[in-house]
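Me: I would like to learn how to read the features of a model like this one, step by step. Could you take me through it slowly, giving the general idea before each case?

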Amino acid sequence: MNAQSSNLRLVRICLFAALIAALGLIPRIDIPIAAGVPITAQTLGVMLAGLMLGARAGALSVLLFLFVVALGMPFLAGGRGGLAVFFGPTAGFLFGWIPGAFLSGLLGRSTGPLSFLRGLAGAFAGGVIAVYACGIAWLAIVAGLGWKAAMIATAVFLPGDVLKSLLAAAIAARAGEFGK
Amino acid sequence: MIGLYQHPPTILHRVSAGYKLIALAVLSIVCMRIGNVAILAACLGALLAVYAGFGKPFVRRLAILRPLWPTMLAIFVAQIIVADWQSATASILRLLVMVLLADLVTMSTRMQAMMDALAPLLRPLRMFGVSSERISFCVAYVIRLVPLLLEQWQLYADAWRARTGNRPGWRLIAPFFANILRMAGRHAEALDARGFGASRQ
């Protein structure tokens, strides 16, 4: 890998980390599709990082974002941040973002060029299934909520996250047309 | 952009970041093992006293607990159903203690100190071609990019409003993405021109 492409890769990893942060800071009214659905837009950024950067760079992008949050920047939705968020009951979802982005990229990109359907499969498997698996496991084991209750509590967010998978796939497929 | 660091310095500000992080890790593990409600309540009481003792900005930061209430309530109810009220109370107290403890470290440690302390943990990333010097650049760059991205989106939204009179919608998303990817390309070129990262190739 030469110096040029490695700088471009680095900048893109940072760009998507910043995008996840920006999505948490947008006032809810400005999110075009959010009408009434309980969502934070940040998982959209996680799915997009995987889909548009690929598995490894996408996961690194999320890792960088979480690192900046851990350092004390209030970049999570609602101005949360610092080390405290990694000790809270919903920390599993944050950790789940890393395999989430990886899986999004793996399924969305590895079998051929990005299309809407491939993107949707990747975004759903990564951004929903992988993230929920980590989030539910943390709620159940660390926070002591119990498996059944954790699953029920998490199901509230499913409609919003399905919507975000669709949106992420659509954006990634469209943005691909604009080229690199 | 303002971080979560609190300025009026306290005793904790003088302790090095590494020790604070190790203490946090150890105390959190210990905390996970305590099942006794009285001991956990005493820990929480002691922590609250520390917050109160450190002054107003610290007390105001207790607001970080507010978004946790729905989850805490769900955990409490679920624990009462599957176990008893004692383990339910213990779960909630344990979470409160761990969150407040972690935030104490965040509030008393500058970003640079935290970054230096966490650097050894990031060393495995070298396998993926990310050296620790580059991580410093990335952190600063991400923090600068966030307001830049919000500004870019605002620009598109304003242009849309001025021309259509409607609220900005999904149509702006694709050109916005094309624009920020082009911006990333320009920034990468600027880094190349300055020879950033070239010595390692």
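**Helix packing in chain A**

Reply: Two residues are in contact if their C-beta atoms, placed from the backbone, lie within 7 Å, and by that rule Val46(A), Ala49(A), Gly50(A) and Leu53(A) in α2(A) meet Ala55(A), Ala57(A), Gly58(A), Ser61(A) and Val62(A) in α3(A). This is a predicted model, in which local features need pLDDT of at least 70 and side-chain atom pairs count only at pLDDT 80 or more, while totals for chains, interfaces and linings use all residues. Residues are numbered from 1 along each chain as its sequence is written, and chains are lettered from A and ligands numbered from 1 in the order in which they are written.

Me: At what angle do α2(A) and α3(A) pack?

Reply: Axes are lines fitted to C-alpha atoms, for helices over the stretch in contact, and angles run from 0 to 180 degrees between N-to-C directions. For α2 (residues 42-53) of chain A and α3(A), the angle is about 145 degrees and the axes are 7 Å apart.

Me: How many residues does each chain bring to the contact between chain A and chain B?

Reply: Chain A brings 48 residues and chain B brings 56 residues. On the side of chain A, α1 (3-25), α3 (55-70), α6 (147-155) and α7 (158-177) each supply at least two residues, and α1(A) gives the most, with 16 residues. Sorted by class, that side has 32 nonpolar, twelve polar and four charged residues.

Me: What is the secondary structure of chain B?

Reply: Helices (H or I, at least four residues) and strands (E, at least two) are DSSP runs, numbered from the N terminus, and chain B comes to nine helices and zero strands.

Me: Where do the domains of chain B lie, and how many residues join them in contact?

Reply: Domain bounds come from an automatic or database domain assignment, which divides chain B into domain 1 (11-123) and domain 2 (131-200). Their centres, taken over C-alpha atoms, are separated by 36 Å, and four residues of domain 1 are in contact with four residues of domain 2.

Key. Ala, Val, Leu, Ile, Met, Phe, Trp, Tyr, Cys and Pro count as nonpolar, Asp, Glu, Lys and Arg as charged, and the others, Gly among them, as polar.
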